[in-house]
Amino acid sequence: MALRHAVLAALLDGEYSGYQLAKAFDVGVANFWHALPQQLYAELTKLEKEGLVAGREVVQESRPNKRLFRVTDAGRAELEEFAAAAPKPSFIRDDLLVKVQAADRIGTTPVIEQLEERASAAEAKIELLGRLLRQLRGDVDEEEFLRRGERIGPYLTCLRGLAFEQEHRDWCLRIAAVLRERQTTQAER
């Protein structure tokens, strides 16, 4: 998947400024695609040149003018073509896993600390995703929302993000405990 497809998907819900798009990425899209605000602005410029999004200037009296972007018919067609293509297999590429791989040869104390930091970060993200899920479904219970909700795509990707963060937190805590126990055992020898 290219950043272009993530941007097009995020713009399906309406017009966004670059700033609003970056905020939407931070909350929802970041579950499956990370992008810096500068990358988003650059991608919007490319997509506009290619006719996949249309931008318009909004004059503001007390603030600088802003540009709002929306998906064009060509952009929707690009996204539909992308959706029909076979997906690439997913993979993990994480520097913390390299550290865990080498932990018994390089020392475990900094790795344990980093695992615990990651677990804390995952816990914060779990809370954020839980709030977002509740906001997306409103007063409707989850099963009813999944059956009848108007726009469930963002909800479904948020559910995947939540499951990922929960599993990641649990794994980090377990591995930190294993490494800590091994430290204690080795110190007793």
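Predicted model: local features only at pLDDT ≥ 70, side-chain atom pairs only at ≥ 80, totals over all residues.
The strands of a sheet are joined by backbone hydrogen bonds, in either a parallel or an antiparallel manner. In the present model, three strands form an open sheet in the order S1-S3-S2, and their pairing is antiparallel. Strand S1 (16–17) and strand S2 (53–58) are the edge strands, each of which pairs on one side only. Six bridges connect S2 with strand S3 (residues 66–71), again in the antiparallel sense. Within this arrangement, Val53 has Val71 of S3 as its bridge partner. Helix H3 (residues 37–49) packs on the sheet and touches both S2 and S3. The direction of helix H3 makes an angle of about 110° with that of S2.

Glu165 is located in helix H8 (residues 153–188). Although buried, Glu165 has no salt bridge. The nearest side chain of opposite charge is that of Lys125, at 4.1 Å, whereas a salt bridge requires a nitrogen–oxygen distance within 4 Å. Apart from its neighbours within four places in sequence, Glu165 is in contact with Ala122, Lys125, Ile126 and Leu129.

One aromatic pair is present in the structure. The ring centres of Phe145 and Tyr155 lie 4.8 Å apart, and their planes meet at 55°, so the pair is classed as tilted. Because Phe145 belongs to helix H7 (residues 142–148) and Tyr155 to helix H8, the pair ties together parts that are 10 residues apart in sequence. Both partners are buried: the relative accessible area is 8% for Phe145 and 0% for Tyr155.

Note on methods:
Residues numbered from 1 in each chain as written. Heavy atoms only, no water. Pairing = 2+ DSSP bridges. Helix = DSSP H or I, 4+ residues; strand = E, 2+ residues; numbered from the N terminus. Contact = heavy atoms within 4.5 Å. Axes fitted to C-alpha atoms, helices over the stretch in contact; angles between N-to-C directions. Buried < 20%, exposed > 50% of the residue type's maximum accessible area, 1.4 Å probe, protein only. Lys, Arg positive; Asp, Glu negative; His and termini not counted. Phe/Tyr/Trp six-rings, centres within 6.5 Å; stacked < 30°, edge-to-face > 60°.
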